[in-house]
Amino acid sequence: MSATISRRGLLAGAAGLGAAALGAPGRVLAQGTGPIRIGVLLPLTGSQATYAPDCQLSAQIAADQINAAGGLLGRKLEIVFRDDKANPNAAIAAAKELMGEGINLFVGGLNTPSALAIAGIMPDSKAALITIGSVADSLTHESFNRNFFRITDSAYTRAQAQARLAAEQYPDLTQWGGMLPDVEFGHALWRSYSAGLKTFYPALAKKPPQISEPVLFKFGAIDFKNQISAVMRQPVEGIYQSLTGEDFLTMITQARPLGFTRKIKVFMDLSGELVFARVLKQNLPDNFWSGTHWYYDAYMDVKASRDLYEEYVKRTGDKMPSGYVGPAHMALNAFANAIKAAGQTGTDAVIGALEAIEFESAKGRIRFRKEDHQVVADVNVIKLGPKDGEPGWQVSAHAKVPGADLLGPPMPGKALVIE
């Protein structure tokens, strides 16, 4: 993020004045007169603070654009930021603080624990949440409630899209393995990706994939040499991986001297995208594909996306925004369109409108599936690699995989089942 962005300035500009709550604790009332206020919960501090500035700035851009176009129902839109610290308890506390000020509409849930925590208190609080980052399948399955919406991919949908892309782009590379965390999320992600390989390789590449057992690691590990050695012993040429942040950077640093990046011809990564590229630069592996919430260059023909991109560049000087710039902007526009359609800010009315409308966003026209409130939109995947000269890396290709056919059947309240 460019140094020209002032977090303090953004917070000061968005915080505004709170209105006293009139309802009982744990419940909020529909907003009355004055600005329409929406709470935005982000990890402004803590382990995931790296991702917050992009989300924060894009939310502010959305509010400014909506207000410049006349606001909502003749009123200004005001966003109120709070720090969820990437911590479930802190997220709940922040949400309840804003509920006490009369706010009933929320954007947040960048990481899964916070998303599950905030979503869980929405029904009793008579509030609604649009999450902007968590891909956990449970949010639209066993943990689903009607007051929750997700405007980004689910893990299942993204993994299926990436498996389809692998079959399309690399039909002769059929030997696949995985490096994933030894927790349920990692196992579920591998089930989704490997099931996708078994579907799309025969259909598109006209040959079956050869799939090795995934190599697992524990969160917080600082030594990946055993996992690297295990992959080196397998006959794999493609790796699906979901190491995040420092874990991936540590693994690649340890793996490169062992010939790992020469053996692995294609990396398919869940979500590291530009964060990895900006750190590794010319040490980034070739053919490194990564899922992203939004890729600006894929939507230059969409006015909402182009306007967001141009305003981001104007405010930061950065011409290569990360995918985290997209979702908060999309979520604010979702609420704005729902409020207009409902003609009010009452929670039930806004939920009903969100279930019914299709609206313009930074990813084109999108909608939420009524049964489980999962967004129906493209899955964006970008191909990264090293580059001579500045900035040391490049996006050499991108894909928009239609998501509508990759969502799986809606099963709110039931765990995802992958055959």
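Which hand does the crossing of α5 past α6 have?

1. Crossing. It is right-handed: α5 passes α6 that way (right-handed if the near helix is turned clockwise from the far one by less than a right angle, left-handed if anticlockwise). The axes of α5 (155-169) and α6 (184-205) come within 7 Å and cross at roughly 35°. Axes are lines fitted to C-alpha atoms, for helices over the stretch in contact; angles run from 0 to 180 degrees between N-to-C directions. Helices (H or I, at least four residues) and strands (E, at least two) are DSSP runs, numbered from the N terminus.

2. Basis. This is a predicted model, where local features need pLDDT of at least 70, side-chain atom pairs count only at pLDDT 80 or more, and totals for chains, interfaces and linings use all residues. Residues are numbered from 1 along each chain as its sequence is written, and side-chain values use heavy atoms, without hydrogens or water.

3. α12 (326-342) and α13 (347-356) pack at about 110°, axes 8 Å apart. They are therefore roughly perpendicular (65 to 115 degrees; under 35 is roughly parallel, over 145 roughly antiparallel, the rest oblique). Contact (heavy atoms within 4.5 Å) involves residues including F335 and I339 of α12 and V350 and L354 of α13.

4. Sheet. Five strands form an open, parallel sheet, ordered β2-β1-β3-β4-β5. Strands pair if DSSP finds at least two bridges between them. β2 (77-83) and β5 (148-150) are the edges; each has a single partner strand, so one side of each lacks a neighbour in the sheet. Twist averages 25° from one strand to the next.

5. Strand pair. Four bridges join β3 (105-108) to β4 (128-131). V107 has I130 as its bridge partner in β4.
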